[in-house]
Amino acid sequence: MIALREDGGLKSLSGAERNFLRACVSSDEDVCRADGRDPGEVRDVQLEFARSHNRASVFAKWGPTKILATVQGDLIPPPRNPGDGVLTLSVDASPMAQQGFSGNCKVTNAGGGGGGATMATNEQRHLATRVLRILERTILLGGVMDTEALCVVSDKWVWRLRAQITVLNQGGNVLDAAVLAAMAALRHYRLPGVSSDNADGENTQPVMRHAHDVEPTPLPLHHTPLSISFALVARDNNTTVALVDPTDREELISNGALTLALNKHLELCAMDFCGGCELRPQQLMQCSRLAERTGVELCDMLEKALTDADSKSHEKHATSLDEAQDAAAEEAHALVTSVISSSTTALFDEQPLPQEAQEEEDNMEMTKEEEAYRLNALDYSQMHVAAKVKENEIAVKKTTKKAAPFFGGSLMAAMLKSAATDSPSASTTETPSNNDVSTKSPNVPVKSAAPSGLSKEAQEELTQYVTKVTSNQTKRTTRSKVEDSDSDEEGVTITLENDVAVVSGSNDLPPRKRKKAGR
């Protein structure tokens, strides 16, 4: 006969395969398994660890069964108790886990299903829900984690840890693989450091520090329970055979299942018996002793794997720190080099070579001299200032300047000459220099010996004329000196030859005449 499949495309067995597998495990002499294992032997288990900032992941491979578990944390206000943190669990039975699965089926203990849950089949939802219930009873109800230690600020901020388990391939015994992956991820996860200047503030959220700044800490876990599952197959003689770590084929021919969760201290943390067949107390104790032995082996294997993963993680962390320090040092060195190069370039741009600097300085001096000469030549407030290049010509012209003409006519000149000839014993007339004229007052006449042989009226007329000539000559000399001082040239002494003769007794003039002469 050919047995028709009634599973709607799910993984199933034909009638011949089902009968063959049941006949192997129902033998009275010896229990045989299709993969050659003993009834109390488990398949090979492999764990792969990965850890980063605020994240840890574990890939568990239990025979052909593959599970991925990830753990992350964030800071939230306490949803229930003000001093307790939160651990949320979610299970996702991916569509590639088993034949006949469609869409994603994500269930969580935080409430509600995940994306695509409405598209999942009943078998898919049943598998995800069963795994989630075992995790809740093993981890949450088993007292694995100290939730009070997850409190950052009481009634303000607590840690919320999210553990997500994804079933990648259903090769049998998904429960044990999921519990092992979840516990390994929780053990491998490191809680980031938290800092806050004002953590007691209502609106101030603490900041998670990176692992490079603050060393993260392990989670506060009390123990590490692991689950051991059995497939129960009923015989024709009303006895039951328990197969540890069943495969997907053995689960299809089984009549019931038993799951025990224990830690390395042989403490029973959870137990799940779904019924379907009779299980006597003696058989239950045998399953319990086998579960204890298998659980201890799994715990030792997990501890060793965690030790190796921690050492590798520390080495990787140290390497990343060294790389970060090297990168920072290279960046600082590049910054310093760029600053030095820019400073050197600016220095050489601002300070040329000595020869070039000397030429530039000479050019600047010449430019300043030309500018000063131009401004001096255009400055009319200094009257007519001669340029420096014409100093010699001006000096020559002024030194060859003729004497001032004599005022009074030939008659007065003949009279003065006659007076000088008549008195040879008289002293020569003092000729005032340019300095004397400029320093003496024009009202003070220069005294000399009076010529004899003149009448009183002639002497008075001569005295008035000499006073007038002296006053005019003083004005001309003063004007000439001012012009000489403005042009920065030597003054030219103007000598009066036989132009002035002061008659003694000029002080005897009448006051009226004396005042007029003084003017």
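The exercises below go from the whole chain down to single residues.

**Before you start**

This is a predicted model, where local features need pLDDT of at least 70, side-chain atom pairs count only at pLDDT 80 or more, and totals for chains, interfaces and linings use all residues. Residues are numbered from 1 along each chain as its sequence is written, and side-chain values use heavy atoms, with hydrogens and water left out.

**Exercise 1. Follow the hairpins formed by β1, β2 and β3.**

Step 1. Strands are DSSP runs (E, at least two residues) and helices are too (H or I, at least four), numbered from the N terminus. The protein has 15 strands and 11 helices.

Step 2. β1 (residues 45–52) pairs with β2 (residues 55–62) in the antiparallel sense, over eight bridges; two strands pair if DSSP finds at least two bridges between them. In this pair, Gln46 stands opposite Lys61.

Step 3. Two residues separate β1 from β2 in their hairpin, and Asn54 in the turn has a positive phi of about 60 degrees.

Step 4. β2 is also paired with β3 (residues 65–76), antiparallel over eight bridges, and Trp62 stands opposite Thr65. The hairpin of β2 and β3 has two residues between the strands, with Gly63 at a positive phi near 65 degrees.

**Exercise 2. Sort the side chains of β5 by face.**

Step 1. Recall that in a regular strand the side chains alternate between the two faces of the sheet.

Step 2. Buried means under 20% relative accessible area, exposed over 50%, and partly exposed in between (1.4 Å probe, protein chains only).

Step 3. Now look at the partner: β4 (residues 86–93) pairs with β5 in the antiparallel sense over four bridges, and Asp92 stands opposite Lys106.

**Exercise 3. Is Gln124 buried or exposed, and what does its side chain reach?**

Step 1. Locate Gln124 in helix α2 (residues 122–140).

Step 2. Gln124 counts as buried because its relative accessibility is 0%.

Step 3. Its side chain reaches the backbone oxygen of Ala93 at 2.6 Å. Leaving aside neighbours within four places in sequence, Gln124 is in contact with residues including Ser94, Pro95, Phe101 and Cys105.

**Exercise 4. Identify the buried face of α1 and what packs there.**

Step 1. The buried residues of α1 (residues 15–25) are Leu21, Cys24 and Val25.

Step 2. Seen down the axis of α1, these residues fall within an arc of 90 degrees, so they line one face of the helix. The arc is that of the directions from the helix axis to the C-beta atoms.

Step 3. On the face turned away from the buried side, α1 carries the exposed residues Ala16 and Asn19.

Step 4. The buried residues of α1 pack against β12 (226–234), β13 and α4 (248–253).

Methods. Polar contact = N/O pair within 3.5 Å; in protein donor to acceptor, adjacent residues only side chain to side chain. Contact = heavy atoms within 4.5 Å.
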